[in-house]
Amino acid sequence: MKLGGTPLSIVIFAFFVALVLFLSYYFARRAKSAAGYYAAGGQIHWAVNGISFAGDYLSAASFLGICGMIATLGYDGFLYSIGYLAGWIVALFVVAEPMKRMGKFTFTDAVDAKYDSRGIKLVAAISTLVVSVCYLIPQMNGAGSLVEPLLGLPHWVGVILVGVIVITIVSTAGMTSTTYVQFLKGGLLLIFSTILTGAVLVRGLSTEPPSLPGPDGKPLLYVPERSTVDELEVAGYARSHVAGDFSKYVKDGKVTWWRRDAEGHVWRSQWKSATETNGEPGGLLYPVGRIRQVGGLDADAAARGTGPLSPVGYLARLTHPDTRVEQWHQASVVDEAGTKYTVFYPKAVSGTDQMKPGVKFKVKTLWEKLNFVSLMLALFFGTAALPHILIRYYTVPSPACARKSTIVAIAAIGFFYVLTLFMGLGAATNGTVNPADNNMSAPLLALSFGGVLFAIISAIAFATVLGTVAGLIVAASGAVAHDLMDRFAQMGLTDQQKVRAGKVAAFGVGIVAIVLGIVFRGINVSFLVGWAFAVAAAANLPAILMLLFWKRTTAKGIVASIVVGIVASLGIILTGPEMFAGPYGLTAAQAWHPLGQPGIIAIPLSFLALVVVSLVTQKKPAEQRVASAATG
Amino acid sequence: MLHGPAQDSGPDPATGYKGRIGLVMFIVYCVVYAGFVFVNVLTEGRAMQIIVLFGLNLAVVYGMGLIVFALALALVYNHLCTKKEREVAGGNAGKGRES
């Protein structure tokens with residue numbers, strides 16, 4: 001699917017990038033000290049910090065990934081919105097004020113505050129790096145998806161562009177410029193997402209949505225042709241291969257793929273092979289997504305459309321059992337010659353099914369149930385364990401300000417997540433879903449309302465990536481320069497050397513992020529972020545919680561917890577079905593186990609490791625008395 | 001103004017009180033959140049499709065409700081914490097007990 005960049009979109013994009021770089025230059029002069037570089041001097045106002053939290057947190061995963069997932073899977077995508085927001089409750093009630101009290105620059109500072117343990121410094125810094133890299137991959141991937149339609153550039157160019165800009169932001173002014181970039185982006189994202197949602201509600205629902213225009217002005221919306229096997233034969237199609245529900249037909253030398261539905265109809269699907277797309281070398285995949293039937297309206301009325309709807313009215317229409325929404329899924333099939341095809345096929349679901357969990361996250365078998373609980377557990381406990389979120393607590397002057405900024409964040413982020421449901425469903429019913437890459441659903445929805453809104457929304461989405469990546473790179477560079485070099489290796493860096501080391505580390509992490517962003521192209525960004533949450537929840541949160549609430553926690557217990565959390569969560573992910581079916585190029589059935597989400601095993605294991613190791617490494621009473629005397 | 005050293009906010013006598021109500025509210029939200037997860041798992045999704053309010057099903061109402069409930073709890077928590085902080089800052093009787 002290629003739309004190409006318009007002069008307007010390029011101008012608006014260039015304006016945003018210039019603004020971001022100006023902010024970095026402006027604040028660079030003020031970030032000479034380590035406190036200035038890593039924590040913005042601890043003097044950011046709580047309200048600004050709250051919106052910056054939103055800017056930091058509402059990443060490509062939220063705006064691009066969740067909207068894309070809702071657009072293709074319905075309510076299942078909204079589960080991420082619920083879980084991501086609920087995680088802030090853990091941050092507010094349990095983590096915010098203690099983090100501010102205990103730490104200085106990094107997550108490691110806080111967990112190590114009571115112990116001054118080199119082991120904790122090492123493993124907490126490694127955990128920060130692992131989580132940050134897991135989180136960076138989808139952000140960079142999302143940036144690549146954005147520049148393709150926005151600027152007409154290849155995916156890899158977008159990834160490199162983000163990498164270069166963010167390295168510039170972070171290495172010039174650290175946390176201060178990062179904060180104001182996030183504040184700006186968070187505010188704009190909320191405003192324009194509200195405008196986009198309003199436009200969706202005013203347009204209402206119709207079985208004949210307006211189509212996106214192609215470069216030549218012709219409508220692009222793909223409305224799949226419905227037929228039967230007999231009708232195809234009469235029309236001159238020759239069946240050459242059958243693979244499950246998919247059949248390959250050839251007519252006049254042209255390949256077509258059709259999928260049979262439960263009623264015996266066959267639907268013409270879109271397809272892609274290594275050399276061709278929809279039958280042509282370099283051909284196009286067309287945008288999809290429409291409502292086939294609006295519950296409570298006859299066919300004529302549904303074609304005319306409902307007109308403007310209230311938010312509740314919009315959701316109620318889509319939930320109606322007679323509503324039929326055309327979801328698009330993809331499958332890999334191999335033909336008689338051994339050629340591999342990716343087939344994109346339509347599947348009509350009722351409003352009842354569209355608006356409840358179960359398309360992706362099924363809960364019928366035991367493993368499916370475990371996967372679902374595991375996902376919700378990771379989302380809930382992951383937020384308060386994300387290093388780039390935790391370091392924002394050091395940018396405000398007091399624990400009370402940390403609390404208030406978290407509440408501003410909950411209000412802003414909660415409001416945004418409510419909007420994701422409307423934007424995702426809007427994309428699903430307005431023909432603005434790229435079947436091969438649903439990450440662009442929200443920006444393409446904006447395009448259906450005109451080029452100006454598209455250009456602004458896309459530029460904001462790009463800024464979204466910039467803000468989050470900048471925060472992640474600050475966290476990662478702090479882990480390298482402050483935790484590993486200065487405190488673990490005890491290199492005795494001066495304030496200026498610590499800032500310089502942070503900038504070099506930012507450059508290195510940025511390069512790694514660029515490479516991984518290119519490698520992981522095409523996977524839903526929110527899905528990938530779900531894994532980052534799982535690793536953070538398993539590796540970091542047990543240590544934070546037990547440190548605060550269990551007096552017998554020891555340094556060795558914390559080290560064990562973090563190590564077990566990282567190894568268990570990454571181990572389960574890397575040997576699980578999603579990696580086998582995705583990056584490994586194998587099938588899900590070949591995976592070592594059927595668990596896609598590691599939280600349900602990795603989080604309890606991490607807690608268990610902490611408790612067991614802490615109990616066996618308790619100081620004897622005499623040692624405790626000596627330690628108490630030494631510390632006063 | 002922006003780049004002085006990270007500030008030491010000093011001792012906070014309300015810490016104990018804030019920690020306790022934070023923990024209680026955290027547990028309350030956990031229970032409500034777990035309810036959402038387990039209703040879906042135990043009924044295999046069937047309960048989620050029941051229309052409960054204004055034509056909306058349980059999945060939508062409960063999901064939106066979790067978002068709104070989080071904000072409501074956060075505001076109540078902030079109100080209680082701020083009230084306590086003012087009390088202890090004013091040196092009233094609660095000061096000694098909460099530190």
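View 1. Tyr33(B) is buried, at 4% relative accessibility. Buried means under 20% relative accessible area, exposed means over 50%, and partly exposed lies in between (1.4 Å probe, protein chains only). Phe380(A) is buried too, with a relative accessible area of 2%. This is a predicted model: local features need pLDDT of at least 70, side-chain atom pairs count only at pLDDT 80 or more, and totals for chains, interfaces and linings use all residues. Residues are numbered from 1 along each chain as its sequence is written, chains are lettered from A and ligands numbered from 1 in the order in which they are written, and side-chain values use heavy atoms, with hydrogens and water left out.

**View 2. An edge-to-face pair in chain A.** The whole structure holds 26 aromatic pairs over all chains. Rings of Phe, Tyr and Trp (its six-membered ring) pair if their centres lie within 6.5 Å; planes under 30 degrees apart count as stacked, over 60 as edge-to-face and the rest as tilted. The ring centres of Phe246(A) and Tyr345(A) are 5.1 Å apart and their planes are at 70°, so this pair is edge-to-face. Phe246(A) sits in strand β3 (residues 246-251) of chain A and Tyr345(A) in strand β8 (residues 340-350) of chain A, so the pair ties together parts 99 residues apart in sequence. Helices (H or I, at least four residues) and strands (E, at least two) are DSSP runs, numbered from the N terminus. Phe246(A) is buried, with a relative accessible area of 9%. Tyr345(A) also counts as buried, at 12% relative accessibility.

**View 3. A stacked pair between chains A and B.** How far apart are the ring centres of Phe380(A) and Tyr33(B)? They are 4.5 Å apart, with planes at 20°, so the pair is stacked. The pair crosses between chains: Phe380(A) belongs to helix α13 (residues 366-382) of chain A, and Tyr33(B) to helix α1 (residues 15-42) of chain B.

**View 4. An aromatic cluster in chain A.** Which residues form one aromatic cluster? Among them are Phe53(A), Tyr57(A), Trp88(A), Tyr135(A), Phe361(A) and Phe533(A).

View 5. Chain A has 24 helices and nine strands. Buried residues make up 62% of its 632 residues. Along its principal axes, the C-alpha trace of chain A spans about 95 × 50 × 45 Å.
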